[in-house]
Amino acid sequence: MRVQSSATAPTRIAVSAPARTFGTLQAALGVAAFSLTFPATAWGLEGFGPWSLVAVRSVLAALVAGGCLLALRIPLPARAHWPGLAVVAAGVVVGFPLLTTLALRTSTTAHAAVVVGLLPLTTALLSALRVGTRPSRTFWAAALAGAAAVVAFTVQQSGGALTTADLFLFAALLVCAAGYTEGGRLARTMPGWQVIAWALVLCLPLSVPAAALAVSHEPVHLGAHSVAGLLWVAAGSQFLGLVVWYRGMAAIGIPKASQLQLAQPLLTLVWSVLLLGEHLTVAAPLTAAAVLVCIAVTQRARG
């Protein structure tokens, strides 16, 4: 493969209104894909151990990503991009999947949705520190209100008890926000799908031996649920969802894209009812309405 020099790397251009609309749609599709991650992980854990599930999903996603890179003859990223790609790999490819999978051994998907409820605000904060974005006060007020509504709802759903799983979830929140922020920054100067594709390929030297070791030590029971869950977290959540997500962030900005994730916990809860048989309270539609209002405000607020 050729190395893409920084001199030939694409530069960021002004984004038109149609492009912003399309970017919002892509980010929303990413959120929809991510909303299935926790239920799919729960299915995967029916037949795989936590370490096996995370390692195998990373390998499968990397094979898909690597195949796309080879088929399209994409040159290697510029040397300056590799540190950022390493952050994306550590946060999105390894850290978040591993920590949330460990948490879901003892936590329900409803409780795990606390992470997603806090993720937009954490991503916006890290974005402000990393790339110098300065959203307006209205933006921050709506973001805080939306995050508070989602956290209150998901904590109420899970009974509000702090467990060991919460430590995994809060750690996952931090590493994922770092990966999102760095990936959104890189997606300004290279195609978003290449960001996650190279991050996945970068992990192959670790994920392949890790998968072999984990599968040899953890029992594997293949079934319809476990296979479907594995395939979704590998192809849907780990690759395709992140492709449209990073493209969306590049088009509309990291803070605004991150606020679309305020709807993700509620979508996850819907999937939890349909796929896992979990039960929701009457607070769900009220929280959904509050979150939709907050999303509308953040999307209209000037950054």
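## A nonpolar surface patch

Leu60, Leu63, Val215, Val220, Leu222, Val227 and Leu231 form a nonpolar surface patch of about 570 Å². Helix H3 (50-71) and H9 are the elements that give two or more residues to this patch, and Leu231 is placed in helix H9. Patch residues have over 30% relative accessible area and no salt bridge, and their nonpolar side chains are joined within 5 Å. A salt bridge here is a side-chain nitrogen of Lys or Arg within 4 Å of a carboxyl oxygen of Asp or Glu. Areas come from the Shrake-Rupley method with a 1.4 Å probe.

The model is predicted: local features need pLDDT of at least 70 and side-chain atom pairs pLDDT 80 or more, while totals for chains, interfaces and linings use all residues. Residues are numbered from 1 along each chain, and side-chain values use heavy atoms, without hydrogens and water.

Beyond its neighbours within four places in sequence, Trp245 is in contact (heavy atoms within 4.5 Å) with residues including Gln26, Ala27, Gly30, Val31, Phe34 and Tyr180.

## Helix H1

Helix H1 (a DSSP run of H or I, at least four residues) covers residues 17-35. Its buried residues (under 20% relative accessible area, 1.4 Å probe) include Gly23, Gln26, Ala27 and Phe34. The buried residues of H1 pack against H2, H7, H9, H10 and H11.

Note on methods. The expected span of a helix is 1.5 Å times one less than its number of residues. Buried means under 20% relative accessible area, exposed over 50%, partly exposed in between (1.4 Å probe, protein chains only). Patches are made of residues with over 30% relative accessible area and no salt bridge: like charges are joined within 9 Å, nonpolar side chains (Val, Leu, Ile, Met, Phe, Trp, Tyr) within 5 Å.
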